[in-house]
Amino acid sequence: MEMKEPPDGGTRAWLIVISSFFCNGIIFGVINTYSVIYLRLQEELKMRGDPEASSKSALVGSLTIGATFLLSPVAGILTDKIGLRQTAILGGVLTSCGLLASSFVTHNINALYLTYGIMYGFGAALTYTPCLSILGYYFKRYLGKVNGFVTAGSSVFTAVMPFLINWLISSYGLSTALRVEAGISSVIILCALLYTPIAPKTSQMRMRTEPSSPAARKSLINVDNWKKKRYVIWALSIPVALFGYFVPYVHMSKFITVAFAGNDINLPVMCLGIASGVGRLVFGFIADLPRINRILLQQVSFCFIGIMTMFLPITSSYPLLLVFVLAMGLFDGCFISLIGPISFDICGPKGASQAIGFLLGLCSFPLTLGPPIAGMLFDHTGSYTLPFILAGIPPLVGATTMFLIRCVKDESIGTEMHDKDPVQHPLAKSAWDEERPFDDRKFCNGRVPHTLERKASLASAGTKIPLISDGESSHLIPAAFAINSDLLHAQKRQYQYSVY
């Protein structure tokens, strides 16, 4: 079976980009605009005399974002088992059904924990991983650009959805608003129908490459990541910094009604979304510039997020509040855009996927606990001054502990991988190539992929093979003989392998 290079364009490829944009936008648009629904739930609980109305209402939204992050590793495993399209469709079904079920239990906060919190969160996790992974099958040269466009979908939807949800709740009630959200989420199912990789691996290849059962169980967790001191420090510092991160998203609308009565409660949330989208594009570009320390840049973003969060309750000017919110959103985009690049910097291509997955899993706990604790403090104090000031401290602490990364040193990713396996040198191939080892297909363009495509040629009979210099041969010969002998026999009628 022939494996094709990513087309880096074409009708289907751009349709997938658009569909991923919508999937990402719908998922996080619902999550980030929960503050509008939170306000209505809190009012209903207070009317029933519940003394813990704020913390209980906040827990619904916290469970949603917590489940999305906590179950991300499960989504990655499921994607490998049943495929991108099936996983994303299942995620779309769960998100739609979760919101639809929530519309019938709006007066039962415990039921909302399950339907809106866990069910929707799990569906969001199953959708988020495929909508980013599918891009690598269709884009190689422009992968960074399309990822930036897709992740900006959440910012666009976060800017628009608060007005829609608030209007629906005011005009038709919370149940109708949730049903409309369920209908919007069903679009994920249609978008997921496009998520078919260009050239899936054949069953024959799986038989050759899958490890034995003990090795497969051992390979579920990349233990090499946890041997890297820099990753351990980074993976523990980020959850610390995020303990108060989600508090403004959940409590912003209520905070505006308390501290700035009469002003637009949706405008700050919209500013957060717009600024975050701009930050992802701007800081994504900055992070690729030479001499830029990405970890230090992320530390700066946490410092600004913490400081801006603490400034929110001490200002009496609504326009100045919007300035603080814009700054917080801008550096929020910086933090998000740097997660992937830093994972690759520390763990290399082989460990990056699990590095991100486990990081998101660790982040689920502080993201879930932070908003309910802030709501509990508000219930006891009647003010958001203490909750927001305390929410601004964890980002500063996390940014400070990340300085420990400079005090430790791990073995160079490039040197380590080159010594152990010359074919897998991270600088010699892209992430797209990482997902496609040698199989029983025809070689792309009649050439050996990965590192060898720059060194040797695997051509059909009658094709001239370029010569290799003596200096290159010492690196080529070990890599050349690393090719599976069974593969060479399977291709012998079509290709002739030569090293000069």
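The accessible surface of the protein, in a predicted model, comes to about 22400 Å², and carbon and sulfur atoms hold 64% of that surface; areas were computed by the Shrake-Rupley method with a 1.4 Å probe. Local features require pLDDT of at least 70 and side-chain atom pairs count only at pLDDT 80 or more, while totals for chains, interfaces and linings use all residues. Residues are numbered from 1 along each chain as its sequence is written, and side-chain values use heavy atoms, with hydrogens and water left out.

The protein contains 23 helices and two strands, taken as DSSP runs of H or I with at least four residues and of E with at least two, numbered from the N terminus. Of its 500 residues, 52% are buried, that is, under 20% relative accessible area.

In soluble globular proteins, nonpolar side chains tend to be buried together. The largest nonpolar core here has 107 residues; such a core is a set of buried Ala, Val, Leu, Ile, Met, Phe, Trp, Tyr and Cys residues joined through side-chain atoms within 4.5 Å. Helix H18 (residues 318–381) gives the most to this core, with 21 residues. At least three core residues come from each of domain 1 (1–198) and domain 2 (224–410), with bounds from an automatic or database domain assignment.

Ile37 is among the residues that touch the most other core members. Beyond its neighbours within four places in sequence, Ile37 is in contact (heavy atoms within 4.5 Å) with residues including Tyr116, Ile165 and Glu181.

Note on methods. Buried means under 20% relative accessible area, exposed over 50%, partly exposed in between (1.4 Å probe, protein chains only).
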